[in-house]
Amino acid sequence: AGIDPSALKNLLLLGSGQSGTVYKTLDVVHDRIIAVKCMSLDVPSEKQSRIIAETEVLRKCRSPFIIDFYAALFVDNQFLMCTEYMDAGSLEQFGRLPESVLQPVSVCVIRGLCYLWNRRIMHRDVKASNILVNTAGAVKMCDFGVSKELQDSIAKSYVGTSAYMAPERIYGGEYRIHSDIWSLGLMLLEMALGFFPLSLPGASESPVALMQRIVNDQVPDFRDQLSHMHPAFTQLVQSCLIKDPSLRASPSGLLENVFVVEHDPIEHARVALFVTSFYKDQQASVQPQS
Ligand code: ATP
Ligand code: MG
């Protein structure tokens with residue numbers, strides 16, 4: 001059954017990014033809480049129907065590591081993406097992840113990406129704010145494929161540069177799986193370190209200067225800072241951050257890495273415990289107990 005836009009009641013603003021605004025929303029018809037991402041896009045109606053047709057691909061994605069997609073709608077020049085609501089938000093807010101949590105998170109993200117790649121869907125925007133978690137310990141990808149293509153090609157204000165962009169993308173190469181793998185490596189390294197690995201310490205740098213460094217400089221060596229972790233993690237990240245896309249890790253290479261295959265079944269309980277205690281600590285710091 002489709003979604004009737006008049007039966008959507010926005011309950012809470014969850015956040016906004018470069019492309020739009022996300023609400024926690026009540027879908028009255030289905031009596032469920034969903035997430036609705038609103039993007040303001042001026043597109044002619046022929047193009048709208050093509051976009052709606054393309055989102056059918058997303059609707060068919062069914063994986064425990066991919067957000068459930070419910071519907072895409074055009075309402076008053078707004079493009080609405082209705083998806084599953086994840087009650088613990090994105091991984092961006094948690095800062096550095098301990099290895100016991102980073103391990104199941106890495107497995108879920110890599111298996112989610114492999115699911116998309118097998119269906120010829122590039123993610124195009126792999127970063128911590130696009131990995132969502134819930135208090136049951138599930139870890140799922142969002143904001144991929146068509147939605148990202150839309151932002152790049154239609155939203156006039158969107159420049160389309162990102163700190164997570166692979167070197168070959170910066171100098172205008174075609175978007176391929178390998179570019180997603182670069183962004184994955186950068187994101188996993190960021191979650192292990194607790195800071196963005198390519199930023200210069202203390203300096204605020206223009207996006208153009210950062211892009212130039214990504215193309216021209218060597219990737220910094222973080223092996224010392226990761227020495228407390230499983231060596232397979234360092235190896236995983238290094239294989240993703242090879243500047244030549246033809247030498248970078250492949251999807252099957254990622255799935256064979258020891259850090260990824262070692263723990264089966266996936267330890268969702270660790271993720272659940274981590275996010276719930278994070279929120280408990282946050283509440284305690286807002287209202288100190290007397
Ligand atoms: P970008 O526009 O580049 O994707 P972003 O990811 O920071 O940047 P949004 O995609 O607009 O911005 O998302 C804003 C925030 O909304 C996210 O960081 C996340 O916390 C929250 N969010 C997005 N989708 C959901 C969802 N399905 N369930 C719960 N929270 C969500
Ligand atoms: Mg996002």
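The model is a predicted one, in which local features need pLDDT of at least 70 and side-chain atom pairs count only at pLDDT 80 or more, while totals for chains, interfaces and linings use all residues. Residues are numbered from 1 along each chain as its sequence is written, and chains are lettered from A and ligands numbered from 1 in the order in which they are written.

K37 is found in strand 3, which covers residues 32-40. UniProt lists K37 in an unreviewed entry under "binding site"; UniProt positions are given in the numbering used here, feature names are shortened, and annotations may be inferred rather than shown by experiment. K37 counts as buried because it has 22 C-beta neighbours inside 10 Å, the rule being that a residue is buried if 20 or more other C-beta atoms lie within 10 Å of its own, exposed if 12 or fewer and partly exposed in between, with C-beta atoms placed from the backbone. If residues up to four places away in sequence are not counted, K37 touches G20, V22 and M81, a contact being a pair of residues whose C-beta atoms, placed from the backbone, lie within 7 Å.

The strands around this residue can now be followed in order. Strand 1 (residues 8-16) and strand 2 (residues 21-27) run antiparallel and are joined by seven bridges, where two strands are said to pair if DSSP finds at least two bridges between them. Along this pairing L8 stands opposite D27 in strand 2, and G15 stands opposite V22, while a hairpin of four residues connects strand 1 to strand 2. Strand 2 is joined in turn to strand 3 by seven bridges, and these two strands also run antiparallel. They form a hairpin with four residues between them, and in that turn D31 has a positive phi of about 50 degrees.

T25 is buried because 23 other C-beta atoms lie within 10 Å, and, leaving aside neighbours within four places in sequence, T25 is in contact with L8, K9, N10, L11, I34, A35 and V36. T25 and L12 are 13 residues apart in sequence, with 7.0 Å between their C-alpha atoms.

The ligand comes next. Of the 24 residues around ligand 1, those that come nearest are G15, G17, V22, A35 and S129, a residue being counted as near if its C-beta atom, placed from the backbone, lies within 6 Å of the molecule. Strand 1, strand 3 and strand 5 each supply at least two residues of this shell, and the largest share, three residues, comes from strand 1. The shell around ligand 1 divides into eight nonpolar, eleven polar and five charged residues, where Ala, Val, Leu, Ile, Met, Phe, Trp, Tyr, Cys and Pro count as nonpolar, Asp, Glu, Lys and Arg as charged, and the others, Gly among them, as polar.

Most residues other than glycine have a negative phi, and most peptide bonds are trans. D76, in the loop between strand 4 (69-75) and strand 5 (78-84), has a positive phi of about 50 degrees although it is not a glycine, and D76 counts as exposed because it has 7 C-beta neighbours inside 10 Å. R120, in the loop between helix 2 (99-118) and strand 6 (131-133), has a positive phi near 60 degrees and is exposed, with 9 other C-beta atoms within 10 Å.

Apart from neighbours within four places in sequence, V105 is in contact with L91, L97, V139 and V271. P251, in helix 8 (residues 251-256), is partly exposed, with 17 other C-beta atoms within 10 Å. P251 touches C114, W117 and I177, not counting residues up to four places away in sequence, and the C-alpha atoms of P251 and R111, 140 residues apart along the chain, are separated by 9.1 Å.

Definitions and conventions: Contact = placed C-beta atoms within 7 Å.
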